[in-house]
Structure formats: structure tokens, C-alpha cells
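Hi there,

Here is the structure I promised to pass on. Have a look at it first, and then read on for what turned up.

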Amino acid sequence: MAFPVMLRSLRHHNYRLWATADFVSITGTWMQVLALNWLILSITGSATSVGLGLVLQALPTMLIGPWGGVIADRLPARYVVAAGQAAQALLSALLALIAAGDPSTIGRLYVISLVSGVVTALTSPALGRFGAEVVGPEDLSNGLALGSLLSSGGRILGMSLAGVVIPLAGVPGAFVTNSVSFLGVLVAIAMMRGNEFHRLPPSKPGERGIVAGFRYVLGSPRLLIMFGLAFMLGSLGRNYQVTMAAMSQGPLDAGAAGYGALSVAFAVGTVLGGVFAASRARLPLRLLLITAALCATGQMISGAAPNLVLFGAAMLPIAACAVVLDTTVSTRAQLDSPGHLRGRVISAQGMVGAASGAFGGPALGAMCDTLGPRAALMLAGAVCLTAAVAATYGLARVRRARAAATVPPPVTAPRPVPALAAADA
């Protein structure tokens with residue numbers, strides 16, 4: 001069966017199974033996110049308590065993420081992923097039991113959130129490595145781009161279904177649905193053909209620890225520049241959950257309805273970005289720098305938007321550029337790193353993403369409170385644009401240094417022997 005360029009990853013039998021299962025799982029996950037947040041809010045009446053639950057899920061990635069990279073590089077990714085999915089299914093089932101018991105405290109919910117974060121930290125690098133083995137290096141960028149599309153679609157569908165399932169079956173029904181969705185992933189993994197995997201080499205005996213991964217990342221200027229740019233854009237340039245709410249409540253005076261409309265516009269933008277990334281045969285570093293600059297510039301422009309419509313219009317290219325940037329960073333981080341260290345590079349990228357979210361949300365919130373939402377957007381956008389320019393300069397220097405290192409030294413001809421000296425000899 002022939003597939004268009006944008007869907008070329010679907011020519012792989014294993015990827016078709018994985019994409020289907022992943023979409024179902026992402027849909028269930030977003031149902032659970034909304035259900036858990038609603039349950040915590042209904043018990044405590046505090047938005048801060050909801051935020052703490054999100055921090056508990058992200059914290060393990062920052063603290064123990066490197067161990068997940070070591071696991072991914074030492075053990076077969078297929079079995080690590082399956083174990084992680086089974087553990088998450090069990091945790092979702094426990095949440096359903098707790099919710100069915102009409103809890104009056106949130107302690108157990110926090111414990112499960114923390115354990116879920118630990119499972120994610122230990123298995124996410126294997127998940128990234130497994131994705132590379134499903135499609136192979138030639139279709140990796142397309143597979144990641146289609147994954148972004150599936151993630152955006154699953155997020156929209158999951159949030160929509162949560163609004164239907166929770167009133168009909170209650171919060172426990174959303175948790176049960178998510179638990180079943182993980183079982184679908186396990187079935188898909190079991191149905192994959194072993195002889196069609198593009199297996200990456202395991203870690204070498206002398207490079208199996210955390211130190212080897214950190215040594216490689218810290219010794220790679222390109223990775224450090226990419227991760228630094230991703231941190232700045234992810235923290236100050238992409239936490240639009242904060243700035244969209246602040247703009248809706250403040251200067252735009254659009255209320256909750258306006259915030260919902262902006263969220264939809266942002267989701268549509270992520271879909272457009274995924275389509276663009278999937279349609280490209282390659283995702284070079286030049287594209288990363290261009291999208292970073294466009295994203296930052298759009299952020300500064302959005303701060304000056306006079307009304308909800310124009311602000312929502314600015315969300316479309318910003319969200320699209322964010323997806324292209326994420327996909328490019330993930331593609332380059334994987335393709336430009338050796339296979340036996342791939343899991344630890346992915347874990348380092350995950351740590352950067354978790355840290356950017358943990359830092360950016362409070363930072364942007366404080367800026368909005370002290371400077372106002374418009375000034376916060378413009379200042380954060382200017383910082384991000386500066387980071388994009390600095391990254392461009394840094395990568396250019398790295399490229400020149402590599403080019404100079406590969407130029408062979410000039411070959412000098414032997415100096416001729418004078419005729420008189422030859423005669424004397």
C-alpha cells in the first residue's frame with residue numbers, strides 16, 4: 001500500500017498499531033487529567049492544590065529521569081514500555097476505587113500522582129527509544145510529527161469526552177476508561193512483528209551508567225544549545241495556560257468563555273504545526289532556529305493584540321511553531337546521538353521539558369501579576385527572541401569549529417637538495 005509523504009510512517013505495520021494505540025491512550029490520559037483535577041478541586045476548593053498535584057507528577061522526571069535513561073539503554077525497550085503501561089493502568093484503576101469511595105481528603109490522590117510521575121520518569125526514555133525502533137531512522141521525524149498530531153487530537157477528544165463521561169458515569173468512570181486504554185496499548189505491543197523492529201544497539205559495558213550519559217550531553221555543544229533554547233522557549237514562550245487565562249480575565253475581558261475559545265485556537269494551531277512537520281522530508285537545525293524566532297516574535301505581537309479575535313489569531317502560528325520546534329529538537333536529539341546512549345539523551349531532554357514547565361509557570365504568573373499580562377508577554381517574547389539569536393550564533397560557531405577540525409593540514413613538498421650539497425655527499 002502506498003502512503004503519501006506526510007503519512008509515510010504508516011507504511012510500517014508496527015507503527016500503524018502503535019499510532020492507533022497511542023491515540024486511544026492519549027485520549028484516556030486527558031480524560032483522567034481533567035477528572036483528577038476536578039476531583040481535587042471539588043474536595044479542596046483550591047486551585048493551588050490542583051497545581052501541587054501537577055508538580056508531584058512532574059517532579060520525578062527532574063530528579064530521577066537519568067535512571068530512566070539508563071534503563072532504556074540497558075533493557076529491551078519493548079518490555080520496559082509494556083511494564084510502564086501496565087503500571088499506569090493499575091494506578092488508574094486505584095484512582096477509580098478511591099473516587100468511588102467518595103474521598104474527603106486528597107492525600108491518597110497525591111500519592112498516586114507521585115507514583116505515576118515516578119513510572120513516567122523511569123519509562124519515558126524507553127518510550128522514545130521504542131518509537132525510534134518502530135519506524136527506523138529514515139522515518140523518525142515523520143513518526144514524531146504524526147505523534148504530535150495524534151497528541152493534539154487525543155487531547156481535544158479526551159477533554160471533550162471527559163465533559164460527557166463525568167456527568168454520565170462520574171469521575172470513577174473517567175479513571176476506568178483511562179485504565180482500559182492502557183490495556184489497548186499492551187495488546188498493540190503484543191501484536192507487533194519482532195522482525196520489523198529497527199533495533200538500536202544496547203549500551204556498551206563501559207558506558208552503562210548515568211555519568212556516561214551526562215558526559216556525552218555536556219560534551220556536545222549542539223545538544224546543549226538546543227536544550228538551552230528549548231528550555232527558554234518552553235518556560236517563558238510556551239506556558240500559554242497562564243498567559244491566556246491572564247489575558248482573558250484582564251485586558252481582553254473575555255472571561256471563562258474567552259479562555260475556552262483561546263484554548264481551542266491553540267489546539268488547532270498545534271494540529272497545523274504537526275501537519276507541517278509531517279509533510280517535510282527533513283527537519284534541519286535551520287528550521288529550529290526559524291520557528292524559535294517566529295514563536296518569540298508572535299508572542300511579542302500577541303501582547304499588543306487589542307481584542308480576543310486578534311489574540312486568538314496570534315495563537316495559531318505560535319502553537320504551530322511550538323510543535324515544529326518540539327518535533328525538530330526531538331528528531332535532532334535522537335538522530336544526532338549514538339544508539340547506545342539514546343535513552344539517556346531522551347531522559348536529558350525530558351528533564352529540560354519538566355524543568356521548563358516547573359520554572360515557567362510560576363515565573364510567567366509572577367510577571368503577569370507585577371507587570372500586567374501584556375507587558376509580561378512582550379518581555380518574555382523579547383527574552384525568547386534573544387535566546388533564539390544567541391542559539392543561532394552558537395550553532396554557527398560550532399559548525400565553523402567542526403569544519404575547521406575536518407580540514408586536512410596542507411601538504412608541503414619536500415625542500416629540494418642543492419646540487420652542490422648533493423655532489424659533496
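Gln85 touches Ser25, Phe182, Val185 and Leu186, leaving aside residues up to four places away in sequence. Please keep in mind here and below that this is a predicted model. Gln85 belongs to helix α3, which covers residues 77-100. With a relative accessible area of 12%, Gln85 falls under the 20% limit and is therefore buried. Thr123 is 38 residues from Gln85 in sequence, and the two C-alpha atoms are 8.9 Å apart in space.

**Salt bridges**

Side chains of opposite charge can pair when their charged atoms come close. The structure holds 8 salt bridges, and here are some of them.

Arg8 and Asp139 meet through their side chains in a salt bridge, at 3.3 Å from N to O. This pair ties together distant parts of the chain: Arg8 lies in the segment before α1 (13-44), whereas Asp139 sits in the loop between α4 (107-135) and α5, and 131 residues separate them. Is Arg8 buried or exposed? Its relative accessible area is 12%, so Arg8 is buried. Asp139 is buried too, with a relative accessible area of 2%.

The side chains of Arg344 and Asp73 form another salt bridge, with 2.7 Å from N to O. Here too the pair links distant parts of the chain, since Arg344 is in helix α12 (residues 342-371) and Asp73 is in helix α2, 271 residues apart. Arg344 has 4% relative accessibility and so counts as buried. For Asp73 the value is 1%, so Asp73 counts as buried as well.

A salt bridge also joins the side chains of Arg193 and Glu196, at 2.9 Å from N to O. Arg193 is partly exposed, because its relative accessible area of 40% lies between the 20% and 50% limits. Glu196 has 30% relative accessibility and therefore also counts as partly exposed. As for shared partners, salt bridges join Arg8, Arg11, Glu138 and Asp139 into one network.

**His198**

His198 is in the loop between α5 (140-191) and α6. At 28% relative accessibility, His198 counts as partly exposed. Which residues does His198 touch, not counting those up to four places away in sequence? They are His12, Ala132, Glu133, Val134, Val135, Gly136 and Glu138. Pro137 is 61 residues from His198 in sequence, with 8.2 Å between their C-alpha atoms.

**How helix α7 packs**

Helix α7 (residues 221-236) packs with helix α6 (residues 210-218) at an angle of about 85°, and their axes are 6 Å apart. An angle from 65 to 115 degrees counts as roughly perpendicular, so that is how α6 stands to α7. On the α6 side the contact is made by Tyr216, Val217 and Leu218, and on the α7 side by Leu223, Leu224 and Phe227.

Helix α13 (residues 373-406) is another partner: the axes of α7 and α13 come within 10 Å and cross at roughly 170°. Angles over 145 degrees count as roughly antiparallel, and α7 and α13 are therefore roughly antiparallel to each other. From α7, the residues that meet α13 are Pro221, Arg222, Ile225, Leu229, Met232, Leu233 and Leu236. Their counterparts in α13 include Ala380, Val383, Cys384, Ala387 and Ala388, and among the others are Ala391, Gly394, Leu395, Val398 and Arg402.

**On the surface**

Which residues make the nonpolar surface patch of about 330 Å²? Leu52, Val55, Leu59 and Leu63 do. Leu52 is placed in helix α2 (residues 47-74). Its relative accessibility is 41%, so Leu52 counts as partly exposed.

You will find Asp253 in the loop between α8 (240-249) and α9 (255-279). Asp253 has a relative accessible area of 65%, which is over 50%, so Asp253 is exposed.

Note on methods
Residues are numbered from 1 along each chain as its sequence is written. This is a predicted model: local features need pLDDT of at least 70, side-chain atom pairs count only at pLDDT 80 or more; totals for chains, interfaces and linings use all residues. Side-chain values use heavy atoms; hydrogens and water are left out. Patches are made of residues with over 30% relative accessible area and no salt bridge: like charges are joined within 9 Å, nonpolar side chains (Val, Leu, Ile, Met, Phe, Trp, Tyr) within 5 Å. Accessible areas come from the Shrake-Rupley method with a 1.4 Å probe; for residues, only the protein chains shown count as cover. A salt bridge is a side-chain nitrogen of Lys or Arg within 4 Å of a carboxyl oxygen of Asp or Glu. Helices (H or I, at least four residues) and strands (E, at least two) are DSSP runs, numbered from the N terminus. Buried means under 20% relative accessible area, exposed over 50%, partly exposed in between (1.4 Å probe, protein chains only). Axes are lines fitted to C-alpha atoms, for helices over the stretch in contact, and angles run from 0 to 180 degrees between N-to-C directions. Angles under 35 degrees count as roughly parallel, over 145 as roughly antiparallel, 65 to 115 as roughly perpendicular and the rest as oblique. Contact means heavy atoms within 4.5 Å.
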